[in-house]
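The sequence and the model come first, and the comments follow.

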Amino acid sequence: MADFRADKPTHSTLSNIFYFLKLMFKISPLLVIGECFWGVLMRLPTRIISVLGVKYVIDVIANGDDKMKIVYAVIVIAAILIVSEVLNAVYREFFFSVELEKITKGLSEILYKKAKELDLENYDDPDFYNNFILVIESSGARVTMVLGLVQRYIGEVVSLLTIGTILFAIDPVCLLIILAIVAIFTPVSRKIGKLQAQRQIDNNRLHRRADYFARVFYLQDYCKEVRMNDIKPLLLERYNEAAQDVLDNQRKYVRKIDFIYFFQESGVQILGFMLLLPLYLGYCVLQKHTLQAGDFVATFNGALQIATSFSFLTVGVVRQFSESARLIEKYREFLKRKNRIIDGEKTADCGEPKTIELKDVCFTYPGNDEPTLKNINMTIKPKEKIALVGYNGAGKTTLTNLLLRLYDVSSGQILINGEDVRDVTVESHRERFSAVFQDFQVFAATLGENVALSPEIDAERAESALRHSGFGKEVPNGLDTYLLREFDDSGIMMSGGESQKVAISRAFYKNCPYVILDEPSANLDPIAEYNLNQSMIEAARNKTVVFISHRLSTTVSADRIYVMENGEIIEQGSHDELMKMNGTYAYMFNLQAEKYK
């Protein structure tokens, strides 16, 4: 697997630029081709005018020719410039803007699709996650930057060749002087490019810390806690520390970059344009008399154009392309990131529930030394209602994540109907499960779409699922009512309990043989919890249900209860059997029951 965290690129600058161009070309080939041609049209006419046009006018004056030639020349030059400006406006407004959005949209879809396919363990890696955010957030800016660089690169190459040919015909020595001066300072730009790219990578990591505190102050999730407690000074202090780290990082890089850039630019400008070039041109005019007035101006203007093109193609390209290439390297590694959870060759059966077996299942989170689950053995019969209980950190949620193949076991097997879940495709395996997570989410979409988690909604099933979950909130437009206000200012906001009922309804809506509920009643009042349990028993009569609960009153009706501690199963049985054992479960149940007596 490629190391997504590596700072040293594994591909050359040119390779990375071409890789990104290929991505864009697949989405909008006309824009990529158009930018290449437009780079030439934007630069070449004005530069030829500054060399040959000015030379023609001066030669007319110096030779005493008909002054109307100057008028005609000015008219032609003005016409060329006007046509160029009109074409530029039409191209930018009616083609470029639309196609740019098309590329940005297409690239975002590629990135979002890849993000959806990533193993959950990638989100546990902070270094990967930092680069993941960098890739997602810089997508649009990177398109504009690379297109702009390529456009200018093509334009400068054609301009360099054209003006260089003209200048070579007038005075080849002048051309060699300019090329030599710029070439001397080319290696310096590599250092600048590396520093600029590393600065952005470091800034992204530091900004993520500062952005956390910004979210705390504007997200509704935190507003009550912030207002009801005295945590504001602490948050502001931590924010200032994080923001100061960003400023310190900027200062560290700015000092280095500015010094190197000053050395590079002053060398090219002072040594090249203010010393060697004027001395040589003056010598040609005053001593050798090899240049006439028109040749003098054309040579000097041409030299400036050559220097501009060559400076960009050597100094500017290396610096700017190097910066972009290092960030494009992150795109490549992100899109090539290989999953450990891979498809099997078979398609899972999504019909009637079958026996689920866990055999000697062990699991260790990547980067951890100690296993989270140890030698888990469990048999879940079809249509059984299984409860997982235990203290926080016992491994209950991890176990359900393994059942869903959000992670794969480190060792052992999970079998459904005697078939290893790794032998079937991931999509078909997950399709036979419905899950409500402890950290459930409500999406900025309609109520019906939130239940179905799909644009295709069976209204009757959705309404039935909401009833079973206990959702009774009056909503103005039924299933078409928008939740949250990101896309609809009239969208409704719900309490935690109402949101959880919407999430629970998804388990009732989906036609599948297995249901996993992680703390399904955490935000519900006792009456709603009781009603949910009754509805769950009724609606999931023909399904296998595995649920996690810290409220042991919900586990009484389970067919079998597994008590977990430190990643192991320490007790199992029905409620009555466990109470007779008078072990951990009985202790926990009596402790909770005591509160209600």
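1. The model is predicted. Its secondary structure amounts to 18 helices and 10 strands. The protein has 597 residues, and 46% of them count as buried.

2. Contacts and surface. Taking contacts with a separation of 6 or more, 77% are between residues 24 or more positions apart. The accessible surface of the protein is about 31,100 Å². Carbon and sulfur atoms hold 57% of that surface.

3. Positive patch. The most comes from α9, which supplies 3 residues. Lysine 191 belongs to helix α7. Its relative accessible area is 47%, so lysine 191 is classed as partly exposed, since exposed would require over 50%.

4. Nonpolar patch. Which residues form a nonpolar patch on the surface? They are Met68, Val71, Tyr72 and Ile75, and together they have about 380 Å² of accessible area. Methionine 68 is in helix α3, which covers residues 68-117. With a relative accessible area of 37%, methionine 68 is partly exposed.

5. Lysine 383. This residue is not a glycine, yet lysine 383 has a positive phi of about 70°. The value deserves a comment because most residues other than glycine have a negative phi. Lysine 383 sits in the loop that joins β2 (373-380) to β3 (385-390). At a relative accessible area of 36%, lysine 383 is partly exposed.

6. Leucine 453. A positive phi is also found at leucine 453, again not a glycine, with a value of about 50°. Leucine 453 is located in the loop between α13 (447-452) and α14.

7. Asparagine 401. Is asparagine 401 buried or exposed? Asparagine 401 counts as buried, because its relative accessibility is 9% and the cut-off for buried is under 20%. The residue is part of helix α11, residues 396-403. Apart from neighbours within four places in sequence, asparagine 401 has contacts with Leu406, Tyr407 and Phe437.

8. Phenylalanine 440. The loop between β6 (433-436) and α13 holds phenylalanine 440. Phenylalanine 440 has a relative accessible area of 18% and is therefore buried. In sequence, phenylalanine 440 and glutamate 519 are 79 residues apart. In space, the C-alpha to C-alpha distance between phenylalanine 440 and glutamate 519 is 10.0 Å.

9. Aspartate 488. Where does aspartate 488 lie? Aspartate 488 is in the loop between α14 (459-469) and α15 (496-509). Its relative accessible area is 22%, so aspartate 488 is partly exposed, as buried means under 20%. Aspartate 488 and threonine 446 are separated by 42 residues in sequence, and their C-alpha atoms are 9.8 Å apart in space.

10. Points to check in the viewer. For backbone angles, look at lysine 383, with its phi of about 70°, and at leucine 453, with its phi of about 50°. For pairs that are apart in sequence, look at phenylalanine 440 with glutamate 519 and at aspartate 488 with threonine 446.

Conventions
Residues are numbered from 1 along each chain as its sequence is written. This is a predicted model: local features need pLDDT of at least 70, side-chain atom pairs count only at pLDDT 80 or more; totals for chains, interfaces and linings use all residues. Side-chain values use heavy atoms; hydrogens and water are left out. Helices (H or I, at least four residues) and strands (E, at least two) are DSSP runs, numbered from the N terminus. Buried means under 20% relative accessible area, exposed over 50%, partly exposed in between (1.4 Å probe, protein chains only). Contact means heavy atoms within 4.5 Å. Patches are made of residues with over 30% relative accessible area and no salt bridge: like charges are joined within 9 Å, nonpolar side chains (Val, Leu, Ile, Met, Phe, Trp, Tyr) within 5 Å. Accessible areas come from the Shrake-Rupley method with a 1.4 Å probe; for residues, only the protein chains shown count as cover. A salt bridge is a side-chain nitrogen of Lys or Arg within 4 Å of a carboxyl oxygen of Asp or Glu.
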